[in-house]
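Please read the numbered points with the model open.

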Amino acid sequence: MSQANPPGRPLLASALGGLGLLAGMALIAEGGRRLPPASIASAQGAGDLKPASHAPIHDAPGQPARKIAEDLIAPPPLDPSRIERIEPRPPLGELGLALRPKTPMPRDWRETLLFGPVAISSAVFEAMGRTVAISGTVDIDPHRTCTFDDTAWPCGERARAVFNAWLRGRALKCLLPPDADRFAIAAPCALGKQDVGAWLVSNGWAMAAPTGIYGKAEVVARNARMGIFGPPQ
């Protein structure tokens with residue numbers, strides 16, 4: 001059988017608990033009175049802090065910029081009298097070169113058929129009372145002599161003969177002015193669809209004019225030793 005509790009213990013425990021509660025409330029109140037107002041306010045606003053703004057800082061107007069390591073960054077002084085201008089380097093290739101502008105032909109020039117042409121030199125012929133030199137070429141004088149491997153041969157006479165053999169009296173279509181029969185003229189001509197100047201220069205029977213369009217054709221003929229650049233024919 002359990003022993004019964006004395007009747008006075010519950011009352012004593014309740015009294016002691018009440019006294020402890022009153023003592024705690026008194027301590028809290030006393031602590032609140034001793035804290036300074038500033039610390040309370042700072043503690044209350046601690047959760048409402050905002051990040052500092054990063055507004056751009058501008059220099060005051062009229063003030064020069066600050067120089068840093070001027071002796072390392074600034075270029076050294078140069079004497080203009082010691083500067084020498086050199087020639088530009090040659091182009092790396094022909095792709096970047098501007099194309100030579102084409103000279104437009106006069107509007108009154110017309111394509112004219114010239115029948116029965118006869119070569120009087122390697123790039124000049126006569127037909128129907130007109131004397132026409134193939135434009136863009138330099139003809140070989142009929143009396144010229146060429147040398148190949150210490151052997152001389154009449155290349156001018158041979159060039160005229162080859163031109164005549166190629167023409168065979170066939171009509172040439174040339175771009176001529178209305179009064180071309182009054183004087184000799186340089187003009188572009190074609191035999192069918194073949195450019196006469198291109199054929200002569202590429203085969204070595206005429207040279208390219210310095211300002212003409214057949215410069216590459218002459219280089220090919222020289223490298224291949226064709227026509228006047230090759231052995232006697």
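This is a predicted model: local features need pLDDT of at least 70, side-chain atom pairs count only at pLDDT 80 or more; totals for chains, interfaces and linings use all residues.

1. Two strands are said to pair if DSSP finds at least two bridges between them. Strand 3 and strand 4 (residues 130–134) are antiparallel and pair over 4 bridges. The hairpin that they form has 2 residues between the strands, and methionine 128 in its turn has a positive phi of about 55°.

2. On which strand does alanine 119 lie? Alanine 119 belongs to strand 2 (residues 118–119). Strand 2 pairs with strand 3 (residues 124–127) in the antiparallel sense over 2 bridges, and 4 residues separate the two strands in their hairpin. The bridge partner of alanine 119 in strand 3 is phenylalanine 125.

3. Is alanine 119 buried or exposed? Alanine 119 counts as buried because its relative accessibility is 5%, with the cut-off for buried set at under 20%. Beyond four places in sequence, alanine 119 touches Val124, Phe125, Arg160, Phe163, Asn164 and Leu167. The C-alpha atoms of alanine 119 and alanine 159 lie 9.7 Å apart, although 40 residues separate the two in sequence.

4. The largest nonpolar core comprises 37 residues, and those with the most contacts inside it include Phe125, Val132 and Phe163. Helix 4 (residues 155–167) contributes the largest share of this core, 6 residues.

5. Apart from neighbours within four places in sequence, the contacts of valine 132 include Val124, Phe125, Leu176, Ile185 and Cys189.

Technical notes: Residues are numbered from 1 along each chain as its sequence is written. Side-chain values use heavy atoms; hydrogens and water are left out. Buried means under 20% relative accessible area, exposed over 50%, partly exposed in between (1.4 Å probe, protein chains only). Contact means heavy atoms within 4.5 Å. A nonpolar core is a set of buried Ala, Val, Leu, Ile, Met, Phe, Trp, Tyr and Cys residues joined through side-chain atoms within 4.5 Å.
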